[in-house]
Amino acid sequence: MNLILKVWRQKNASSEGRLVTYEAKGVSPDMSFLEMLDVVNEGLILKGEDPIAFDHDCREGICGMCSLMIKGCAHGPERGMASCELHMRSFKDGDTLTIEPFRAKLFPVVKDLVVDRSAFDRIMAAGGYVSVNTGSAVEANTLLVPKEKSELAMDAAACIGCGACVAACPNASAMLFVSAKISQYALLPQGDPERRKRVLSMRRAMDEEGFGNCSNEAECEAVCPKEIKLSNIARLNWEFLRASLLSKE
Amino acid sequence: MILNSKVPEGLLEKKWDNHRFNLKLVNPANKRKFEILVVGTGLAGSSAAASLAELGYSVKVFCLQDSPRRAHSIAAQGGINAAKNYPNDGDSIYRLFYDTIKGGDFRAREANVYRLAQVSNAIIDHCVALGVPFAREYGGTLANRSFGGAQVSRTFYARGQTGQQLLLGAYSALMRQVASGRAQVFPRREMLDVVVVDGVARGITVRNLVTGALESHVGHAVLLCTGGYGNVFYLSTNAANSNVTATWRAHKRGAFFANPCFTQIHPTCIPMSGDYQSKLTLMSESLRNDGRVWVPKKKGDLRPPNQIPGEERDYYLERKYPSFGNLVPRDVASRAAKQMIDEGLGVGPTGLAVYLDFADAVKRLGVDVIREKYANLFDMYYHITGEDPYKVPMRIYPAVHYTMGGLWVDYNLMTTIPGLFCLGEANFSDHGANRLGASALMQGLADGYFIVPYTLGDYLAGSNWGKVEVAHPAFKESEKAVSEQTKKILSIRGKRTPTDFHKQLGLLLWNQCGMSRSEKGLKEVLTKIPQIREEFWKNVTITGEEGEFNQVLEKAGRVADYLEFAELLVRDALHRKESCGGHFREEYQTPDNEAKRDDANFCYVAAWEFKGLGKEPLLHKEPLQFESVHLTQRNYQ
């Protein structure tokens, strides 16, 4: 099939960007979306033109590197998948596809479709961990975790940190990302000793970065490639409320 | 140079304990004065960086991706082995050790493998403490499953995302150290050279992938945790950016490369669909616990799989290996699939696939149980192929997945360049000629959490160097060499893209140096690689500039290294005149087509020394001595 691509091109963080139109011809429905871009790029290189820069790595939906707005939707129109998992059979011959980087003030463009998501690492450094040094762990089966809780913790822990939630949210809120980590630890006994400190600290880091608040649009849940549930945000709010009331800070 | 493995004296069971006692310690107050450079943030790199920073060292961490959390360990699906023996089914440290060394076809270092089994339990304890949500039983205890090549259930898992959860655990520990100020992360950096001063590794040259600028970093030790070289084959299950550059460039600076021909072809991957294919996706080996592998008995049987009755199917693994059945080790399963396909029994549109069928398991256990165990894998398969594996058998085909070879390291994980350590898949040490399922995660974390924190201290405590700064001529020389290569590549402006050369090289290797290798084929490849390399340096085309974000330039640098490294891989495969593990030489097989080892002549590690491009590398042999196990022919029948 043949497609028209309208791709955001931007030389670097400080330059202006614009949409540029390309044709993608002879696209196979079995191609992944990124393979379709690869083919377009190979053509551009041979013409001596700068290929379209985009982030990618594992190409199987787990590393969280790819970050495309496709037809105005973070990771494209299909539910529960990252840009790299999207295949061309989701589109029709003659379609026009707009491809942009994840849009959020806190994800500045590095080049074309590549953005800087280092704010997420800074939030993680503010408390997204259990403080245990290597060597000091207790025997693993002394910590019993009810299966249901462990499954819920795993549902939350599946977050790949791609930032689609921020890109989709009208408030550029990072609540779904933060709540996934808070939930994972709040549901597990290992997270308990630092429970209050963690939620206060990560929440503060998120606000200081400038991410917006949640106003229940649920766009984040709709685009999340790992289908992280909105209920995690409820748990984050509950944890935050509880910690705030009980905090001595 | 005589290779000294530094394996400690004493009984196998006591070696690591004795060694730890004999290792020198660094005064706690002095640790912060030592700068440690860690390259790569997969399981080995993140766990090492976190653990070393916890001890008080000043750690700098470098990764290609925009965040350390994205390293390719994240994609490991199935699980991590440990000798906990929770299921009470006969496991022990010795059995895990024995299975691992036997699985590696007796081409790994006995003392290293034993140590790996010894620390395996502490890894599980630590990962649980970090909050890794492993699968649980209803009573709240940890769940286990069996995995390819083992007859006990010793694999711990977090659905089909075990690598992700373990990596995020190590990443969280690292971010805690970033917050403490003891660790500093440098994302979007690619290591392009190791800087050696007076024979000792003292730093690295990296390219800032955003600005294109070269940066020098000085350290007291350098840890390469940069993963395997599977992408030399172009198509593999590795991430697109995984590459050989860091280890290859260290090799060119004096680190020996060991057993590069030991590459693992994983039996259960999603088959290729067209020539645009950029990577292959693994379907976890755990699927073989419940899936049955088969092909039609009749050649050219084009009926849909569900219309082929049971008696017209050949469940060839169950037929050939009745005691292990579908759970034979990876090398055995891959070769068996190749045999079926070579006989014309392959299925699907390309004929390059076999079926992995869950119909019986769904009938026996119900669809909900199957969904709970494998939902994410089944979803992934559906996304890629458009077919529903709950209803139609999966089509699978072997693909390059893991590389057992890597930089030669001694028992302390130090390469032949003093001060340069190598951890995880990037080194060669623990898997011999074939890696068993769920052992890679174990090894990466063993190296990072529980081995290098001890052995690095011994190196630092015993060394006494002068002060080195980035103004040192060795750093300037390194930067100049890297920059000259970049300028040279950019100046060619030829007619073929880096990817085009990469594909050509990969296909050549896959056909002649993949699942099955012969002297004739290998010799042919050995003459072709230099020709491709020569053309690359005359006819490659790169767009853009050096001083900017330039993915084509990044790719070209990696392909240039593959074109050098591939020659060593093939040379190693040619010299090893035996079949063992993932290295199958057609000339050396048993009457029933199994690998035929030659212990009299090849029971050694082949460690290659770089002697200049286009020159023959020098082979050093580290004889493998087995004090505890008896070498046997592997038999999974």
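Predicted model: local features only at pLDDT ≥ 70, side-chain atom pairs only at ≥ 80, totals over all residues.

Author: A residue is counted as buried if 20 or more other C-beta atoms lie within 10 Å of its own, as exposed if there are 12 or fewer, and as partly exposed in between. E227(A) is placed in the loop between helix 7 (219–223) and helix 8 (231–246) of chain A.

D112(A) also has a positive phi, of about 45°, although it is not a glycine. This residue belongs to the loop between strand 6 and strand 7 (114–115) of chain A. Because D112(A) has 25 C-beta neighbours inside 10 Å, it counts as buried.

The contact between the chains comes next. Chain A contributes 69 residues and chain B contributes 62 residues. On the side of chain A that touches chain B, two or more residues come from each of helix 1 (33–46), strand 6 (109–111), helix 2 (118–125), helix 3 (147–157) and helix 5 (175–187) of chain A. Helix 1 of chain A gives the most to this side, with seven residues. By class, the side of chain A that touches chain B holds 34 nonpolar, 17 polar and 18 charged residues.

Within chain B, there is a division into domain 1 (266–399) and domain 2 (478–622). Taken over C-alpha atoms, the centres of domain 1 and domain 2 of chain B are separated by 31 Å. Each of the two domains of chain B gives six residues to their contact. Helix 8 (residues 330–342) of chain B supplies five residues, the largest share of the side of domain 1 that touches domain 2. That side of domain 1 of chain B has one nonpolar, two polar and three charged residues.

Helix 12 (residues 473–492) and helix 15 (residues 551–575) of chain B pack with their axes 11 Å apart, at an angle of about 105°. Helix 12 of chain B is therefore roughly perpendicular to helix 15 of chain B. Helix 12 of chain B makes the contact through T486(B), I489(B) and L490(B), and helix 15 of chain B through L553(B), A556(B), G557(B) and A560(B). This contact of helix 12 with helix 15 of chain B comprises five nonpolar, two polar and no charged residues.

Technical notes:
Residues numbered from 1 in each chain as written. Chains lettered and ligands numbered in written order. Contact = placed C-beta atoms within 7 Å. Helix = DSSP H or I, 4+ residues; strand = E, 2+ residues; numbered from the N terminus. Nonpolar A, V, L, I, M, F, W, Y, C, P; charged D, E, K, R; others polar. Axes fitted to C-alpha atoms, helices over the stretch in contact; angles between N-to-C directions. Parallel < 35°, antiparallel > 145°, perpendicular 65-115°, else oblique. Domains from an automatic or database assignment.
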